[in-house]
Amino acid sequence: ELVGVSFCIEEGEAAYVPVAHDYPDAPAQLSREFVLDALKPILESDTVIKVGQHIKYDKNVLANYDITLNGIGFDTMLESYVLNSTAQRHDMDSLALAYLGHKTIHFEEIAGKGAKQLTFNQISLEEAGPYAAEDADITLRLHNAIWTKLKEIPELKNLLIDVEVPLACVLSRMEQEGVLIDSQRLRQQSQDLATRIAELESEVHEEAGEPFNLGSTKQLQHVLFEKMSLPIIKKTP
């Protein structure tokens, strides 16, 4: 359920619009319907470019309210992954530390932990506002920081724009609508693959001169480097 929306169009200036905080004595808020009706033309516009962190999630949430999020230009999670897939985790907290040197407000700090953790609608606006607005601000700041690096590497820039971002939109539709499959053909493909795998395992065992578990790194190491005396080029850490 959508509890509020946060935006940022300039670094350091963000806003949070609450619509469904319902804790005891929560202040009056604009209705969800009113806010979404007002925002729908902007959210569905192809010419108003949007930047998000894991924006596929936002697209799916908005779809529940009959809003098609268009104009998706960038996703900071994907930007980070394309720039360096193994450098660090790609969640907002990790990226903010890595690229901005900024420690974000963690959800547990305002909601608690474990069985007593509050849901966002139960969190006071005094705490929810800064948390949500920071998310929007950090997203824009991350985009500006990472995109500056990405656009200098044409192949990575094209990978993001031509593949990763469009693919996120396709995956969003698949998650919303499901995927039609040919179950009979899928079963046949599974059987064909199982047969081929068995054939390859038999060939490997014959080449090795003995049966062994291909899934065991210890047994594989014994066969390749001790029995077959293959050279060790490099050891993995």
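Me: Is the crossing of helix 3 and helix 7 left-handed or right-handed?

Reply: The crossing of helix 3 and helix 7 is right-handed. A crossing counts as left-handed if the near helix is turned anticlockwise from the far one by less than a right angle, and as right-handed if clockwise. This is a predicted model, in which local features need pLDDT of at least 70, side-chain atom pairs count only at pLDDT 80 or more, and totals for chains, interfaces and linings use all residues. Residues are numbered from 1 along each chain as its sequence is written, and side-chain values use heavy atoms, with hydrogens and water left out.

Me: How is a helix pair described?

Reply: Two packed helices are described by the angle between their axes and the distance between the axes. Here, helix 3 (residues 76-83) packs on helix 7 (residues 154-177) at an angle of about 135 degrees, with the axes 10 Å apart. That makes helix 3 oblique to helix 7. Angles under 35 degrees count as roughly parallel, over 145 as roughly antiparallel, 65 to 115 as roughly perpendicular and the rest as oblique. Axes are lines fitted to C-alpha atoms, for helices over the stretch in contact, and angles run from 0 to 180 degrees between N-to-C directions.

Me: Which residues make the contact of helix 3 and helix 7?

Reply: Contact means heavy atoms within 4.5 Å. Helix 3 supplies L78, E79, Y81, V82 and L83, while helix 7 supplies L156, L159, L160, E164, V165 and A168. Nine are nonpolar, none polar and two charged. Ala, Val, Leu, Ile, Met, Phe, Trp, Tyr, Cys and Pro count as nonpolar, Asp, Glu, Lys and Arg as charged, and the others, Gly among them, as polar.

Me: At what angle do helix 3 and helix 6 cross?

Reply: At roughly 30 degrees, and the axes of helix 3 and helix 6 (residues 125-150) come within 9 Å. That makes helix 3 roughly parallel to helix 6. The crossing of helix 3 and helix 6 is left-handed. T76, E79, S80, V82 and L83 of helix 3 meet T139, L142, H143, I146, W147, K149 and L150 of helix 6. By class, six are nonpolar, four polar and two charged.

Me: How many helices and strands does the protein chain have?

Reply: Nine helices and four strands. Helices (H or I, at least four residues) and strands (E, at least two) are DSSP runs, numbered from the N terminus.

Me: Where do the domains lie in the protein chain?

Reply: Domain 1 is 4-177 and domain 2 is 183-226. The bounds come from an automatic or database domain assignment. The domain centres, taken over C-alpha atoms, are 44 Å apart.
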